[in-house]
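Me: Please take a close look at one part of this model. Walk me through the contacts there and the elements around them.

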Amino acid sequence: TTSESATTVDQAVQMDETRQPCGLGSSSKVCCATVDAPDPFEGVHFHFGDATLGSSLDFTHVYAFDRVFSPVTLTALARVLMASPFYVLASYRTCSEWWQHGLTIVQPVAKLRVQTTGKE
């Protein structure tokens with residue numbers, strides 16, 4: 001932030017209406033609370049919608065729980081991300097998979113082993 005009174009706002013787009021909004025309180029989900037907010041979720045906003053329909057996503061950091069995305073969804077999201085000003089993409093897919101779907105502006109910087117409950 002540029003001043004002490006400024007507050008960062010994190011947002012998430014939830015595409016699956018059967019889920020709770022990205023697991024409030026779960027550190028393994030999209031939620032990223034701002035440090036300078038008294039309530040850790042004060043700076044987090046959720047919006048139900050389809051992230052593949054817009055022209056771009058105005059986020060600096062994108063987390064995609066894309067393990068179950070179809071090729072059609074990956075291609076549609078790649079198109080949107082190509083027009084988006086993000087710096088970090090956290091994905092379960094490899095860069096080569098994203099490149100095949102049209103997201104050619106990503107490069108790998110780290111690889112982490114992630115284990116889920118299998119109930120997602």
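Reply: The side chain of Thr52 makes a polar contact with the side chain of Asp50, at 2.6 Å. A polar contact is a pair of N or O atoms within 3.5 Å; within protein, one must be able to donate a hydrogen and the other to accept it, and residues adjacent in sequence count only if both atoms are side-chain atoms. The model is predicted: local features need pLDDT of at least 70, side-chain atom pairs count only at pLDDT 80 or more, and totals for chains, interfaces and linings use all residues. Residues are numbered from 1 along each chain as its sequence is written, and side-chain values use heavy atoms, with hydrogens and water left out.

Thr52 sits in the loop between β2 (44–48) and β3 (61–64). Helices (H or I, at least four residues) and strands (E, at least two) are DSSP runs, numbered from the N terminus. Thr52 is buried, at 11% relative accessible area. Buried means under 20%, exposed over 50%, partly exposed in between (1.4 Å probe, protein chains only).

Leu77 belongs to helix α1. Leu77 is buried too, at 6%. Neighbours within four places in sequence aside, Leu77 is in contact (heavy atoms within 4.5 Å) with Ala51, Thr52, Leu57, Phe69 and Trp98.

Helix α1 is also part of a right-handed β-α-β unit with β3 and β4. Right-handed means that, with the strands pointing away from the viewer, the path from the first strand over the helix to the second runs clockwise. β3 and β4 pair in the parallel sense over 4 bridges; pairing takes at least two DSSP bridges. His61 has Val88 in β4 as its bridge partner.

Now the aromatic rings. Rings of Phe, Tyr and Trp (its six-membered ring) pair if their centres lie within 6.5 Å; planes under 30 degrees apart count as stacked, over 60 as edge-to-face and the rest as tilted. The count comes to 2 aromatic pairs. Tyr63 and Tyr92 have ring centres 6.3 Å apart and planes at 70°, so this pair is edge-to-face. Tyr63 lies in strand β3 and Tyr92 in the loop between β4 (88–91) and α2 (95–100), so the pair ties together parts 29 residues apart in sequence. Tyr63 is partly exposed at 29%, and Tyr92 is partly exposed at 27%. Phe65 and Tyr92 have centres 5.2 Å apart and planes at 80°, so this pair is edge-to-face. Phe65 is in the loop between β3 and α1 (71–82), 27 residues from Tyr92. Tyr63, Phe65 and Tyr92 form one aromatic cluster.
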